Amino acid sequence: MMKNLQDYTIVIRPEDNGTFVAYVPAISGCHAWGQTSEEARAELISVFDMIQEEYLEEGKVLPPDVKLVVAHPS
């Protein structure tokens with residue numbers, strides 16, 4: 001069964017240089033950058049599609065999503 005990017009937790013955060021990084025914590029190497037959060041997310045879709053294609057070619061299945069816990073230093 002093929003998965004969609006919507007099946008995964010996506011993290012989008014600003015970088016110190018004013019750009020944004022978007023990534024899927026559950027999938028190693030699934031990350032992208034952009035000038036805006038929307039651009040980073042759009043790039044992430046392309047990266048996800050490429051990774052999914054690689055997994056299919058290798059006969060592997062994408063890993064399950066992970067639960068994230070957001071912790072703030074006290």
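Is lysine 60 buried, partly exposed or exposed, and what is its relative accessibility? At 41% relative accessibility, lysine 60 counts as partly exposed, where buried means under 20% relative accessible area, exposed means over 50%, and partly exposed lies in between, with a 1.4 Å probe and protein chains only as cover. The structure is a predicted model, in which local features need pLDDT of at least 70 and side-chain atom pairs count only at pLDDT 80 or more, while totals for chains, interfaces and linings use all residues. Residues are numbered from 1 along each chain as its sequence is written, and side-chain values use heavy atoms, with hydrogens and water left out.

**Overall layout**

- The secondary structure of the protein chain comes to one helix and three strands, these being DSSP runs numbered from the N terminus, with helices (H or I) of at least four residues and strands (E) of at least two.
- Read along the sequence, these elements follow the pattern β-β-β-α.
- The C-alpha trace of the protein chain spans about 40 × 30 × 15 Å along its principal axes, and buried residues make up 27% of the 74 residues.

**Strands and their pairing**

- E1 and E2 form a hairpin with five residues between them, and glycine 18 in the turn has a positive phi of about 90°.
- Aspartate 16 also belongs to the loop between E1 and E2; at 88% relative accessibility, this residue counts as exposed, and its C-alpha atom is separated by 23 Å from that of isoleucine 45, which is 29 residues apart from it along the chain.
- E2 pairs with E3 as well, again in the antiparallel sense and over four bridges; here valine 21 stands opposite tryptophan 33 in E3, and phenylalanine 20 stands opposite glycine 34 in E3.
- In a regular strand the side chains alternate between the two faces of the sheet.
- Strand E3 (residues 31–34) has a covered face, made of Ala32 and Gly34, and an uncovered one, made of His31 and Trp33.

**Salt bridges**

- Side chains of opposite charge can pair when their charged atoms come close.
- A salt bridge is taken as a side-chain nitrogen of Lys or Arg within 4 Å of a carboxyl oxygen of Asp or Glu, and by this rule the count comes to two salt bridges.
- One of them joins arginine 13 to glutamate 15, with the closest N and O atoms 2.5 Å apart; arginine 13 is partly exposed, with a relative accessible area of 37%, and glutamate 15 is likewise counted as partly exposed, at 27% relative accessibility.
- Lysine 60 forms a salt bridge with glutamate 58, the closest N and O atoms being 3.2 Å apart, and glutamate 58 counts as exposed at 53% relative accessibility.

**The helix and its charged residues**

- Asp49, Glu53, Glu54 and Glu57 gather in a patch of negative charge on the surface; patches are made of residues with over 30% relative accessible area and no salt bridge, like charges being joined within 9 Å and nonpolar side chains (Val, Leu, Ile, Met, Phe, Trp, Tyr) within 5 Å.
- Aspartate 49 lies in helix H1 (residues 37–57) and is partly exposed, with a relative accessible area of 42%.
- Glutamate 53 has its place in helix H1 too, and this residue is partly exposed, with a relative accessible area of 48%.
- The C-alpha atoms of glutamate 53 and threonine 9 are separated by 19 Å, the two residues being 44 residues apart along the chain.
- Arginine 41 lies in helix H1 and counts as partly exposed at 33% relative accessibility; arginine 41 and isoleucine 10 are 31 residues apart in sequence and 8.6 Å apart in space, C-alpha to C-alpha.

Methods
Accessible areas come from the Shrake-Rupley method with a 1.4 Å probe; for residues, only the protein chains shown count as cover. Lys and Arg count as positive and Asp and Glu as negative; His and the chain ends are not counted. The place of a charge is taken as NZ of Lys, CZ of Arg, CG of Asp or CD of Glu. Two strands pair if DSSP finds at least two bridges between them.
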